[in-house]
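Biologist: Hello! Could you walk me through the pockets and the aromatic pairs here?

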Amino acid sequence: MRIIKLRVTILGLILFVGTLGLTWQAAAQTPKPNVFDDGNRWLITGYFDASPVHQQAATQGICYLPYAASGTKIAGVWYSDTYPGWRGRYSQEGDLVLMHGNWAKFGGSDGMFIDLFAGTSPRDIGGGQWTEWFNTGSYGTTVAFGNARLTRAGKCQLPRNAHALQQGDLERLAVELSDKVKPRMRKDGKPAESPADPEQVPLPEEKEYLRP
């Protein structure tokens with residue numbers, strides 16, 4: 001009887017350790033799809049909540065830089081390749097992508113909450129919310145509360161060693177690249193006031209990637 005009990009105990013311990021191993025392995029997996037692999041350039045388009053028809057605001061390009069993985073989450077930095085000086089941080093766990101950023105040298109800020117849909121790479125899409133405000137006044141000055149659409153749109157050109165860079169180096173790279181972006185213009189010929197400014201001249205790629 002003791003031998004049988006010992007064998008059962010050993011078998012139970014093996015199964016327990018094996019279960020822990022499978023659980024750890026699952027936790028260590030990065031989300032798929034994610035915003036970097038299979039194409040790190042996306043287009044984000046805003047739609048104003050204040051409009052009865054959800055008037056389209058602007059569309060901007062977003063470049064996600066290589067991420068650091070921790071358990072089931074990945075995190076890193078991003079910058080816009082269509083609006084100068086607009087950059088921030090992102091985090092993705094499962095299908096949920098969280099983003100925040102600043103523009104105009106911290107003159108304004110943004111926050112995004114996006115769920116990625118089950119798409120076929122490289123044309124994954126997502127939807128959620130995009131909030132933008134100027135960093136003025138006691139509560140900030142709201143530019144817009146709106147819906148948002150995120151559409152994968154190819155790859156951003158990055159240095160060959162980008163994957164080997166530490167997060168601090170990637171943050172400096174995001175600053176360098178975003179500061180090189182030319183001003184985004186409005187239809188009246190003036191620079192756009194914010195990333196969500198609805199009067200901006202449309203991007204050429206909007207016709208290809210934002211078809212209904």
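Modeller: Gladly, and note that this is a predicted model. A pocket here is an open set of grid points with protein on both sides within 12 Å along at least five of seven lines.

Biologist: Thanks! How much space lies in the second largest pocket, and which class leads its lining?

Modeller: The second largest pocket holds about 170 Å³ of space. Among the residues that line it are Phe36, Asp38, Lys155, Leu158 and His163. Its lining has four polar and three charged residues beside five that are nonpolar.

Biologist: Which element gives the largest share of the lining of the largest pocket?

Modeller: That pocket has a volume of about 420 Å³. Of its 18 lining residues, those closest to the centre include Arg87, Phe106 and Val175. At least two lining residues come from each of β4, β5, β6 and α2. The largest share, five residues, belongs to α2.

Biologist: Is Trp78 buried or exposed?

Modeller: Trp78 pairs edge-to-face with Trp86, 5.1 Å centre to centre, and Trp78, Trp86 and Trp130 form one aromatic cluster. Buried means under 20% relative accessible area. With a relative accessible area of 0%, Trp78 is buried.

Terms used. Residues are numbered from 1 along each chain as its sequence is written. This is a predicted model: local features need pLDDT of at least 70, side-chain atom pairs count only at pLDDT 80 or more; totals for chains, interfaces and linings use all residues. Side-chain values use heavy atoms; hydrogens and water are left out. On a 1 Å grid over the protein atoms alone, a cavity is a set of points where a 1.4 Å probe fits but cannot get out, and a pocket is an open set with protein on both sides within 12 Å along at least five of seven lines; lining residues have an atom within 4 Å of a point. Grid points are joined across faces, edges and corners, and a volume is the space filled by probe spheres set on the points. Helices (H or I, at least four residues) and strands (E, at least two) are DSSP runs, numbered from the N terminus. Ala, Val, Leu, Ile, Met, Phe, Trp, Tyr, Cys and Pro count as nonpolar, Asp, Glu, Lys and Arg as charged, and the others, Gly among them, as polar. Rings of Phe, Tyr and Trp (its six-membered ring) pair if their centres lie within 6.5 Å; planes under 30 degrees apart count as stacked, over 60 as edge-to-face and the rest as tilted. Buried means under 20% relative accessible area, exposed over 50%, partly exposed in between (1.4 Å probe, protein chains only).
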